[in-house]
Amino acid sequence: MSVLRERSRNVEASIFTASMADIVFLLIVFFVLTYNVQVDRTQVQLPKTWVRTDIPKDAAFISVSKEGVIRVSSGKEMSLPVGSDEEVLTFASNVVAETPDKAFVIKADKGTKYDHVDKVLDALKQAKARVIYLLSEQKTVEDTN
Amino acid sequence: MKLQKKKIESEIFTGSMADISFLLIIYFMVTSVFSATRGLDFQLPKASTSTPEIKQEDSIDVHVLQDGSLKVDGKPMPLDQILPYVADKLKQNPDKPVILRTDPEATYGDMIQVFDTLRQAPDRIGMEIKTISIPTQREIQNVWALFGVQ
């Protein structure tokens with residue numbers, strides 16, 4: 001009886017960690033490949049659509065919040081708020097002058113007044129932007145029910 | 001008498017590798033974005049000296065009203081009836097453009113819903129709408145001014 005007690009005391013608990021490095025490196029490789037910097041962190045409720053196409057990685061962003069606050073980013077730096085429609089036009093003109101084929105992404109809240117988006121679209125048209133993407137989320141069957 | 005050489009074992013210290021790796025993972029997780037990298041696209045006409053003029057009777061006029069309801073060529077129409085109507089028109093003239101106008105007081109979501117429906121034409125009616133034009137308020141006012149309407 002005493003022998004049994006002695007044996008049970010000597011059992012050492014250990015966690016097998018030899019494969020941890022492999023898993024961690026796989027995760028790092030995954031993140032490096034899928035890495036995409038978020039240039040605009042405006043919280044918006046995006047509209048949902050069935051039709052969606054991929055947006056180029058270096059596209060310029062214009063976000064419109066529900067209250068109509070507009071922020072712009074050329075895709076390289078974090079977005080900055082703009083005070084007027086003229087500033088959107090100036091921003092878009094500068095971007096197009098630098099890269100004529102630059103894609104623009106409008107990230108607007110689905111509840112915002114169309115008037116705000118209309119002004120952004122107008123500025124982009126005046127700046128001779130060629131491709132515009134309207135950021136959306138994937139619509140599913142549940143959304144239609 | 002031979003001198004016994006001391007064996008020096010070379011090794012790379014890997015004790016901090018796990019810490020560095022986890023820090024990298026946390027950095028990538030916090031700064032990366034997975035969702036919202038897709039959307040509805042539309043091409044704008046390239047800048048040219050001669051802008052093609054589209055007469056209203058040559059096109060399909062889709063108007064999104066303030067409350068989100070629709071008028072197509074001046075007649076009230078539910079959203080699910082648009083594509084069958086457009087299909088009839090495209091059978092007569094496959095190049096017929098669609099003009100999507102939206103009331104400034106309507107929501108952006110209402111406009112996107114209609115635009116998305118029109119973009120589904122190839123899948124749902126087997127015909128492509130070659131041109132979907134989204135004129136801005138300034139452009140609409142310019143056209144009205146051209147016709148002398150204030």
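The model is predicted, so local features need pLDDT of at least 70 and side-chain atom pairs count only at pLDDT 80 or more, while totals for chains, interfaces and linings use all residues. Residues are numbered from 1 along each chain as its sequence is written, with chains lettered from A and ligands numbered from 1 in the order in which they are written.

Back on H3(A), the buried residues (20 or more other C-beta atoms within 10 Å of their own, with C-beta atoms placed from the backbone) are A:Val88, A:Phe91, A:Ala92 and A:Val95. They fall within an arc of 95° seen down the helix axis, so they line one face; the arc is that of the directions from the axis to the C-beta atoms. On the other side sit A:Glu86, A:Asn94 and A:Ala97, which are exposed (12 or fewer such atoms; partly exposed lies in between).

As for the two chains, the contact (C-beta atoms, placed from the backbone, within 7 Å) takes 39 residues from chain B and 45 residues from chain A. On the side of chain B, H1(B) gives the most, with nine residues. Strand S7 (residues 131-135) of chain A runs antiparallel to S1(B), joined by five bridges; strands pair if DSSP finds at least two bridges between them. In S1(B), B:Asp41 is the bridge partner of A:Tyr133.

Conventions:
Helix = DSSP H or I, 4+ residues; strand = E, 2+ residues; numbered from the N terminus.
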